[in-house]
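Open the model in your viewer and keep the sequence panel at hand.

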Amino acid sequence: MNNGIFIIAHAPLASALRQCVAHVFPDRVNDVLALDVLPHMSAQDSLAAARTAVTAAFGHAPVLLLTDVMGATPCNVARQLLAGMPARLVAGVNLPMLLRAVTYQHESIDDLTARAISGGSQGVMQVTAST
C-alpha cells in the first residue's frame with residue numbers, strides 16, 4: 001500500500017497542485033488529497049475538515065503532509081494533524097516536490113519525505129535564455 005499524500009495550503013493552491021498530479025499521473029491522483037484553506041475558515045474548522053478527510057482517505061496509513069508556508073494557518077493545521085498519526089510534514093510545497101513524492105509514494109515514510117525535500121529543492125533553478 002502506498003503512503004498517503006495530503007496537501008494543505010492556501011486556496012486554491014492545494015487543489016491546483018492535485019490537478020497537476022491528475023495531469024501527470026492520472027492513475028495516481030486518488031492517493032493524493034487536497035485541502036484548500038479558505039480565508040474565512042477558522043483554524044479549528046480547517047483542522048476538523050483535515051482530520052475527517054485524512055481519516056476517510058487513508059485510515060491509519062502513513063501520510064506525507066505537504067503545506068505551502070511555514071508558520072501560516074495551513075502549516076499550523078498540518079502540525080496539529082501530526083499528533084497521534086504516522087505522518088511527516090514538509091513546508092514549502094512546489095510541483096517538483098509533489099511529483100517526486102508521487103513517484104516514490106511506495107517507499108518508507110522517512111525515505112518518501114527525503115525524496116520530496118530533494119525534489120523540491122532540485123526543482124528550483126535559474127534558467128537562462130536559449131541561443
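**Stop 1: a strand residue**

Select G4. This residue is buried, with a relative accessible area of 2%. The model is predicted, so keep that in mind as you go. G4 belongs to strand β1, residues 4-10. Now show what surrounds G4. Beyond its neighbours within four places in sequence, G4 is in contact with D31, F58, P62, V63, L64 and Q105.

**Stop 2: helix α5**

Select residues 109-122. This is α5, a helix of 14 residues. From first C-alpha to last, α5 reaches 20 Å, close to the 20 Å expected at 1.5 Å a residue. Which residues of α5 are buried? Colour I109, L112, T113, A116, G119 and G120. They cover an arc of only 130 degrees around the axis, which puts them on the same side of α5. Next, show β3 (63-67), β4 (87-91) and α4 (95-103); these are among what covers the buried residues of α5.

**Stop 3: the largest pocket**

Select R51, V54, T55, G59, H60, A61, Q80, L81, A83, G84, M85 and P86. These residues line the largest pocket. Which element gives the most? It is α2, with three residues. The pocket has a volume of about 190 Å³. Colour the lining by class to finish: six residues are nonpolar, five polar and one charged.

Notes:
Residues are numbered from 1 along each chain as its sequence is written. This is a predicted model: local features need pLDDT of at least 70, side-chain atom pairs count only at pLDDT 80 or more; totals for chains, interfaces and linings use all residues. Side-chain values use heavy atoms; hydrogens and water are left out. On a 1 Å grid over the protein atoms alone, a cavity is a set of points where a 1.4 Å probe fits but cannot get out, and a pocket is an open set with protein on both sides within 12 Å along at least five of seven lines; lining residues have an atom within 4 Å of a point. Grid points are joined across faces, edges and corners, and a volume is the space filled by probe spheres set on the points. Helices (H or I, at least four residues) and strands (E, at least two) are DSSP runs, numbered from the N terminus. Ala, Val, Leu, Ile, Met, Phe, Trp, Tyr, Cys and Pro count as nonpolar, Asp, Glu, Lys and Arg as charged, and the others, Gly among them, as polar. The expected span of a helix is 1.5 Å times one less than its number of residues. Buried means under 20% relative accessible area, exposed over 50%, partly exposed in between (1.4 Å probe, protein chains only). The arc is that of the directions from the helix axis to the C-beta atoms. Contact means heavy atoms within 4.5 Å.
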